[in-house]
Amino acid sequence: MSMSGVVDLAAVKAAGEAKVKAEQARAEAARQGGGGAVPPSALVIDVDEAGFERDVLQRSAEVPVVIDFWAEWCEPCKQLGPLLERLAQEYNGRFLLAKVDVDANQMLMQQFGIQGIPAVFAVVAGQALPLFQGAAPEAQIRQTLDQLIQVGEERFGLTGIAVDAAAAGPEGAEQGPAEVPAGPYDALLEAAVRALDANDFAGAVQAYKNVLSDDPANTEAKLGLAQAELLSRVRDMDPQRVRDDAAEKPGDVAAQIAAADLDLVGGHVEDAFGRLVETVRRNFGDDRDAARLRLLELFEVIGPEDPRVVAARTALARVLF
């Protein structure tokens, strides 16, 4: 998506120059005694046109700033807004959430080229980029945020802002950490494995989802769900036809996604990742997002620590940012 005409950021040039500017801004903030810990309440801020440069552009030199464009009359905004606010608290300073009321800030809406709300953008080291539009599922939002944070760290050295938990006050201090869902889930996980062995992919998917509904961070269930969904997708494919379609129609995003699924099932991990990274590079809008989301799903199948996933994440970041 071309960002020309979105916001006139005179300081924005190449990524390398943006990184230098971010480092200089952090150094200046430290020299002036800034950059200290902030209270949790400061992780979500309301932003208007007058304060946009200070609250978004300048802050983006130390932490990725996610912008939520919303309006009081927008029903999907009422679902997405609280979710983003909760995630901002949960991520504990790894990104800052800036909320922009489009009714009161029409100029910002026009500068970002927004056609509908809710719309979510980010600014990283002074560079603006679109994230998603509409009330997206929480899992996809988390994946997008994780990637945004990774890019901020790797390309611009943005390590986030420190959060002073004590500043939440006595009530917040007494609450302590959130409860961890009780386990174990051995019976459900075993049922999922049995379903996979019986080629009952729908049953396996449901069993893994049952675990994740109580324990969203369960690594085994996340990995198993990604594998079960992949196997379910490829079971009825005609491999030769899928590969022929992908070869004959390089611009067909659906054909490339299907071929990437087959690549991964066949053990050609780098080929699957490379195909989807290239598809993301070539496309825009919904097509780009479809390829990106499928790539993130395939990352889950292999696991985040695998060096092939790490390399592909870096490649994806390059074509996105």
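Author: Start at the hairpin of strand 4 and strand 5, which has 2 residues between the strands. Ala125 takes a positive phi there, near 50°. This is a predicted model: local features need pLDDT of at least 70, side-chain atom pairs count only at pLDDT 80 or more, and totals for chains, interfaces and linings use all residues. Residues are numbered from 1 along each chain as its sequence is written, and side-chain values use heavy atoms, with hydrogens and water left out.

Reader: What makes strand 4 and strand 5 a pair, and in which sense do they run?

Author: Two strands pair if DSSP finds at least two bridges between them. Strand 4 (residues 119-124) and strand 5 share 6 bridges, so they pair. The sense is antiparallel. Val124 has Gln127 of strand 5 as its bridge partner. Ala119 stands opposite Gln133 in strand 5.

Reader: How many helices and strands does the chain have?

Author: The count is 14 helices and 5 strands. Both are DSSP runs, numbered from the N terminus: helices are H or I with at least four residues, strands are E with at least two.

Reader: What order do the strands take in the sheet?

Author: The order is 1-3-2-4-5, in an open sheet with mixed pairing. Strand 1 (44-46) and strand 5 (127-133) each have a single partner strand, so one side of each has no neighbour in the sheet. Neighbouring strands are turned by 25° against each other on average, direction ignored.

Reader: Why do the names skip every second residue?

Author: In a regular strand the side chains alternate between the two faces of the sheet.

Reader: How many residues of strand 2 are buried?

Author: 6 of the 6 residues are, so strand 2 is largely enclosed too. Val65, Ile67 and Phe69 point one way. Val66, Asp68 and Trp70 point the other way. Of the 321 residues of the chain, 44% count as buried.

Reader: What makes Cys74 and Cys77 a disulfide?

Author: A disulfide is a pair of cysteine sulfur atoms within 2.5 Å. The sulfur atoms of Cys74 and Cys77 are 2.4 Å apart, so the pair qualifies. The structure holds 1 disulfide. The torsion about its S-S bond is about 80°, so it is right-handed.

Reader: Are these two cysteines buried or exposed?

Author: Buried. Cys74 has a relative accessible area of 3%, and Cys77 has 6%.

Reader: How are helix 13 and helix 14 oriented to each other, and why is it called that?

Author: Axes are lines fitted to C-alpha atoms, for helices over the stretch in contact, and angles run from 0 to 180 degrees between N-to-C directions. Under 35 degrees counts as roughly parallel, over 145 as roughly antiparallel, 65 to 115 as roughly perpendicular, and the rest as oblique. Helix 13 (residues 285-302) and helix 14 (residues 307-320) cross at roughly 165°, their axes within 10 Å. Helix 13 and helix 14 are therefore roughly antiparallel. The contact (heavy atoms within 4.5 Å) involves residues including Leu295 and Phe299 of helix 13 and Ala312 and Leu316 of helix 14.

Reader: What angle do helix 10 and helix 11 make?

Author: Helix 10 (residues 239-248) and helix 11 (residues 253-265) cross at roughly 130°, with axes within 8 Å. That angle makes them oblique. Among the residues in contact are Val242 and Ala246 of helix 10 and Ala255 and Leu262 of helix 11.

Note on methods. Buried means under 20% relative accessible area, exposed over 50%, partly exposed in between (1.4 Å probe, protein chains only).
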